[in-house]
Structure formats: structure tokens, C-alpha cells
Amino acid sequence: MVHWLPENISSYGVRMDAVFSNIYYIVGAWFLLAEAIFFISLLAFRRRKGRKASYLPGHSWKAMSWVLIPAVLVLGFDLVMDHEQVPVWREIKENMPPPDQKILVKGKQFVWDITHAGPDGKLGTADDKQTMNQLYVPVDQVVEVDLQSEDVIHSFWIPNMRFKQDVVPGRSIKGWFKAIKTGDYKIGCAELCGVGHGNMGGWIHVLSAENYQKWLKGELASRD
Ligand SMILES: [Cu+2]
């Protein structure tokens with residue numbers, strides 16, 4: 001595991017982090033090996049008196065093996081990573097568990113316009129609750145987010161929730177997550193969307209189920 005990632009508060013965060021670690025260590029090891037060979041070669045075969053540079057056409061098996069062997073190894077490690085990633089992708093991105101709570105998030109330069117389905121559980125009705133940059137969700141419940149954009153491409157990012165999804169004009173993209181811990185965590189925009197991009201963000205407030213119902217009914221003050 002990679003330990004410097006933001007605290008995980010997502011039901012599928014452990015699976016996501018395993019994929020991240022897998023890529024991190026495999027690609028990291030290759031990077032270090034490639035750089036080591038590069039710098040050792042620079043030093044060992046540098047210009048010296050009496051040494052003539054020679055042109056190697058690379059037709060011999062010995063020369064070609066420098067390319068072919070790593071290529072086969074890279075392909076092999078690629079398959080190892082695919083093996084790790086495909087089930088996680090299926091579970092998280094191609095599977096939509098029945099939602100307990102529905103949220104509509106509209107990105108626009110440079111805010112997140114958020115609509116929470118009210119006590120009736122439906123979006124687009126009179127009891128909906130609207131906020132700007134402040135997302136409220138109940139803990140231990142499946143939250144379905146419908147992501148839309150009113151102008152350019154944004155990316156809705158909650159690092160602690162291991163959730164990041166592009167928000168594309170003209171499309172309605174659905175995603176889901178389930179928080180396993182209450183608290184306040186940051187939301188960002190992960191797609192350069194204009195001059196205010198760096199300030200485009202907000203907070204997600206994960207509340208207990210009871211407090212969430214209270215908040216929906218207006219019995220709990222909003223936090224910013
Ligand atoms: Cu943005």
C-alpha cells in the first residue's frame with residue numbers, strides 16, 4: 001500500500017488504492033531501472049581518449065534483445081496490472097448499486113451547483129435542497145451523483161472518497177460512492193476549466209443518517 005494518499009473514507013477506497021499501489025510500484029521499479037541503466041551508460045561509455053564512437057545498426061539478436069526482452073517484460077507486467085484493475089473497474093464504474101440518496105451536481109465556471117433530493121427521495125421536486133459548493137451526504141449509504149456541466153469540461157473530484165469524474169457539457173454522467181466515515185472533506189475541480197479553476201472547489205459534509213435527515217428538513221444549520 002501507498003501510505004501518503006489522502007485518508008480513505010470510501011467503501012471502495014481500499015480496492016482503488018490497491019490498483020494505485022500496483023501501478024505505482026511496478027511503474028516505479030521500471031522507472032528506477034531505466035534511469036539507472038541510462039546514467040550508468042552515460043558514465044561508463046562517455047567520451048575518452050582513444051575510444052571511437054561506432055554506429056550500431058541493431059541487426060544482431062544481441063542488440064535487438066535490448067529492446068525485445070524489456071518489451072516482452074513490459075507487456076507481461078501490463079497484463080498483471082490489467083488483471084488487478086479490470087475487476088475493480090467493473091465493480092465501481094460499470095455497476096450502479098441501488099441509490100439511497102440522489103444528488104445533482106452542475107459544474108459551471110467556477111462553482112459546483114448542488115441539488116440534493118429532499119425527503120421524497122426524488123430530484124426535481126419542490127422539497128429539493130440547493131447549495132453551492134457544499135455537498136451533504138449520509139454516511140454508510142449509496143449516493144448517486146448525476147454530473148452535468150453548464151459550460152466547459154470540469155472534473156468533479158473528492159480525493160478522500162476516491163471519486164473523480166469528468167463533467168462534460170451536453171451529457172449527464174452518473175457515478176456513485178458510499179462514505180464510511182463522517183466529517184468534512186475537500187472537493188476540487190480536476191480539469192483545467194478557465195482562470196478561476198484553482199478556486200473551484202468546495203466541501204463534502206458526511207453526516208450521520210439522522211443528522212442528514214435533519215439537515216434536509218432544515219433543522220440543522222448548514223456549514224460552509
Ligand atoms: Cu472546473
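**Exercise 1. Work out how helix 1 and helix 2 are arranged in this predicted model.**

Step 1: Helix 1 covers residues 13-44 and helix 2 covers residues 61-93; they pack with their axes 9 Å apart, at an angle of about 165°. Axes here are lines fitted to C-alpha atoms over the stretch in contact, and angles run from 0 to 180 degrees between N-to-C directions.

Step 2: Helix 1 is therefore roughly antiparallel to helix 2 (angles over 145 degrees count as such).

Step 3: Sort the residues of this contact: 18 are nonpolar, two polar and three charged. Asp, Glu, Lys and Arg count as charged, Ala, Val, Leu, Ile, Met, Phe, Trp, Tyr, Cys and Pro as nonpolar, and the others, Gly among them, as polar.

Before moving on, a note on the model. Residues are numbered from 1 along each chain as its sequence is written, and side-chain values use heavy atoms, without hydrogens and water. Because this is a predicted model, local features need pLDDT of at least 70 and side-chain atom pairs count only at pLDDT 80 or more, while totals for chains, interfaces and linings use all residues.

**Exercise 2. Describe the site of the copper ion.**

Step 1: Find the donors (N, O and S atoms within 2.8 Å of the metal): H154 (ND1), C189 (SG), C193 (SG) and M200 (SD) coordinate the copper ion at 2.1 to 2.5 Å.

Step 2: Check the angles: they are 92 to 127° among the four donor atoms, and the site is tetrahedral (all angles between 85 and 135 degrees).

Step 3: Look at H154 and C193: both are buried (under 20% relative accessible area, 1.4 Å probe, protein chains only).

Terms used. Helix = DSSP H or I, 4+ residues; strand = E, 2+ residues; numbered from the N terminus. Parallel < 35°, antiparallel > 145°, perpendicular 65-115°, else oblique. Donors = N, O, S within 2.8 Å, 3.2 Å for Na, K, Ca; no water. Tetrahedral: all angles 85-135°; square planar, octahedral: opposite > 155°, others 65-115°. Buried < 20%, exposed > 50% of the residue type's maximum accessible area, 1.4 Å probe, protein only.
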